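Morning, everyone. Please put the structure up on the screen, and we will walk through it together.

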Amino acid sequence: MFIDTLLIGISSGAIYSLMALALVLVWRSTRVVNFAQSGQAVLSTYIGYEITSKTHNYWISLPLAIICGALIGSLVDLLFMSLLSKRVKSGPIAEIAPVIATLGLLGLIQSVIGLIWGNAFLQYPSPLSGKGFTFGSHTVPFSPQNLFIVLASATVLAIFGVVFRFTNLGLALRASSFAPEIAQLAGIRVSRVRNIGWSFAGAAGAVAGAVITPTSTLSPNSLDLLFVSGFIAAVIGGLDSLVGAVVGGLVLGIGFSFILQYISSSVTFLAGFIILMIVLLVRPRGIFGKRVGRNA
Amino acid sequence: MLKHRLTPLQRAGILALIGIALLTASRFIGELRDYQGAQVAVYVIAISSITLLTGYSGQISLGHGAVMAIGGYGAALSFSLWHFPFVIALLFGTFVGTVAGFVLGVAAARLSGPYLAGTTLALAVGLPTIADQFKVLGGEQGLSFDIGDAPPWARKLGGSEFTQYKWFFWIAVIAALITLWAITNLLHSNYGRNWRAARNNAVAASLAGINVARGKILAFTVSSALASLAGALFGLLLGIVTPTAFPLSLSFAIVTGAVLAGVSNLAGSIVGAVVLVTIPEVSGALATHLGGSQKVTANLPGLVTSLLLILVVLFMPHGLRIRRFKGMKKLRRNT
């Protein structure tokens, strides 16, 4: 039982990590918490759904959905966020304007999806079985689909890890989030790098949406709770840290799984809030966040 | 916005006149408009809680729907379980919300920007699930908060056809006016000035002897008091409080309203509230006009709200009202 719960926790934690990673990528490049992330992810999942229903092949739709996710992320940055950062610079609203704007964008994307596809719950099946593996006579709740979720998330995380650690692009991404002005002076095109950060985030969200949706249903709001979990995970990990996003996601996933198993399903988000509070009271900028206190 | 220096008493006089005008007007409008008017009044209180928190104290909350839920449940519980008179029940709900707000505020004062947004978001999602855990809170069915018809004295004042909705309108309008009066006074006081100073430059403010953390906690507490009063009134209008009555979208809606109003403009909260209440009706009418299908009717309100929000943030970041004055000032300077 303990192992089962742990495995399920890792599976959902992997998804939270992906969502958290998407948020952290955007936060690092733009200093914006992208509330439209779940909208972008669900839009790319709908595109994947459309492709699957035309081709009847999940494996064609998956990479296409990821590419669309990256494109959507890039477009949101180009058309929307750059305009926002140009127009809103000062005043009491400057700090919350990005939050409001991305919330607005979220609503916009979701209502457009509703206009196109309707609000009904759709099935987006994957060829993998949702039934648990059987060992002898014991069937665990961990299914091939769960395994695929874990593998896909791990692959994405590994790719991002390699890109960030070993490539020039990764160095540019890290440099522009660390000190944008100095990076610019060093010859990095910060705005382009920032755009790449957004498209990476869009791709990560698209993967999350495409691999998790077969386990439930697809609707304009179906990824909202995933987003909330991802956000909590990112905050727990510290919004500046990619490692933190992964750790935060796993902590939250495993924590939720155990609470679900041993306490009650309805208190999971309350527990998430409590975990978040405890972490933030000890470390106001997350586990892996920089130790910068308030100035006053 | 703070140019007119009226004394609290003068302000009270003005608001009382407005109140009498509104209450008299309620005789001549239909049932539906009465109810919508009451909704506007409740939203005014809810939005001003965000205005105070974000516009004046520089903190952000995406969880004020949850604080409203605390107020609503506090009021409904004391009304249905302990049979408090409804006015006392409203105050009790506000009190419970204020205490909760103080606790949250202590935590919130340590957090900044996205960390605070994340925490309050988690609260908004997590808190309504508590109701399922305790039998006394009524679970999914919620708690009844039906205050019934108006008492005889109000019916005497309000005329023969003094329906329940007109009574709701009276209650909500009176509550909103008292609230606006109290906040305006507060924002003109030392506290209000300290909040703004700390918002504009925390370091300078603390050098000037302002306790920034204490100010933030106080702002969060006062804001929660307003939000929970709004929540209690919200429950009163619905006649019931349920976990689903205070969804995440409610938290977002009041932030939307505050932004539409220009976050640091108290009078603008009325504009924001009117917009929030009218959008569903206007877009509903639009959808039927377009001969819309199920898809259109279901999604048009969301589309309109989101578009409005985006356009306001991009093109009128200081709200629907203030911007115009700024433009005029610029015009004068240039000519």
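In which hand does α2(B) pass α13(B)? Right-handed: that is the crossing α2(B) makes with α13(B). One caution before we go on: this is a predicted model.

Let's stay with that pair of helices. Helix α2 of chain B covers residues 31-56, and helix α13 of chain B covers residues 268-289. Their axes come within 8 Å and cross at roughly 135 degrees. Angles over 145 count as roughly antiparallel, and 65 to 115 counts as roughly perpendicular.

Who makes the contact? On the α2(B) side, find Arg33(B), Gln36(B), Gln39(B), Val40(B), Tyr43(B), Val44(B), Ile47(B) and Ser48(B). On the α13(B) side, find Ser269(B), Ile270(B), Gly272(B), Ala273(B), Val274(B), Leu276(B), Val277(B) and Glu281(B). Sort the residues where α2(B) meets α13(B), and you get nine nonpolar, five polar and two charged.

Now over to chain A for another helix pair. Helix α10 of chain A runs over residues 242-262, and helix α11 of chain A over residues 268-282. They pack at an angle of about 135 degrees, and their axes are 10 Å apart. α10(A) and α11(A) are therefore oblique to each other. Their crossing is right-handed.

Look at the residues that meet there. α10(A) brings Leu252(A), Phe256(A), Ile259(A) and Leu260(A). α11(A) brings Thr268(A), Phe269(A), Ala271(A), Gly272(A) and Ile275(A). How do the residues in the contact of α10(A) with α11(A) divide? Seven are nonpolar, two are polar, and none is charged.

Next, some single residues. Start with Ser11(A), in helix α1 of chain A, residues 2-30. Is Ser11(A) buried or exposed? Its relative accessible area is 3%, and buried means under 20%, so Ser11(A) is buried. Set aside its neighbours within four places in sequence. Ser11(A) is then in contact with Phe142(A), Asn146(A), Ile149(A) and Val150(A).

Chain B has Tyr115(B), in helix α5, residues 113-126. Tyr115(B) counts as buried, at 3% relative accessibility. What does Tyr115(B) touch, not counting residues up to four places away in sequence? Chain A residues: Val235(A), Gly238(A), Leu239(A), Leu280(A), Pro284(A), Arg285(A) and Gly286(A). Tyr115(B) and Val125(B) are ten residues apart along the chain, and their C-alpha atoms are separated by 16 Å.

Helix α5 of chain B also holds Thr120(B). With a relative accessible area of 5%, Thr120(B) is buried. Its contacts are in chain B: Thr120(B) touches Ile60(B), Ser61(B), Leu62(B) and Gly63(B), again not counting residues up to four places away in sequence.

On to the rings. How many aromatic pairs does the structure hold over all chains? There are 19. Take Trp82(B) and Phe84(B). Their ring centres are 5.8 Å apart and their planes sit at 45 degrees, so this pair is tilted. Phe84(B) also pairs with Phe92(B). That pair is edge-to-face, with 5.8 Å centre to centre and 80 degrees between the planes.

Phe84(B) is partly exposed, at 26%. Phe92(B) is partly exposed too, at 24%.

Chain A has an aromatic cluster to find. Its members are Tyr49(A), Tyr58(A), Trp59(A), Tyr124(A) and Phe148(A).

Last stop: two histidines in loops. His56(A) lies between α2 (37-55) and α3 (58-87) of chain A. Its phi is positive, about 55 degrees, although His56(A) is not a glycine. His56(A) is exposed, at 69% relative accessibility.

Now find His83(B), in the loop between α3 (64-80) and α4 (86-108) of chain B. What is phi of His83(B) near? It is near 55 degrees, a positive value in a residue other than glycine. His83(B) has a relative accessible area of 61%, and exposed means over 50%, so His83(B) is exposed.

Terms used:
Residues are numbered from 1 along each chain as its sequence is written. Chains are lettered from A and ligands numbered from 1 in the order in which they are written. This is a predicted model: local features need pLDDT of at least 70, side-chain atom pairs count only at pLDDT 80 or more; totals for chains, interfaces and linings use all residues. Side-chain values use heavy atoms; hydrogens and water are left out. Axes are lines fitted to C-alpha atoms, for helices over the stretch in contact, and angles run from 0 to 180 degrees between N-to-C directions. Helices (H or I, at least four residues) and strands (E, at least two) are DSSP runs, numbered from the N terminus. Angles under 35 degrees count as roughly parallel, over 145 as roughly antiparallel, 65 to 115 as roughly perpendicular and the rest as oblique. A crossing is left-handed if the near helix is turned anticlockwise from the far one by less than a right angle, and right-handed if clockwise. Contact means heavy atoms within 4.5 Å. Ala, Val, Leu, Ile, Met, Phe, Trp, Tyr, Cys and Pro count as nonpolar, Asp, Glu, Lys and Arg as charged, and the others, Gly among them, as polar. Buried means under 20% relative accessible area, exposed over 50%, partly exposed in between (1.4 Å probe, protein chains only). Rings of Phe, Tyr and Trp (its six-membered ring) pair if their centres lie within 6.5 Å; planes under 30 degrees apart count as stacked, over 60 as edge-to-face and the rest as tilted.
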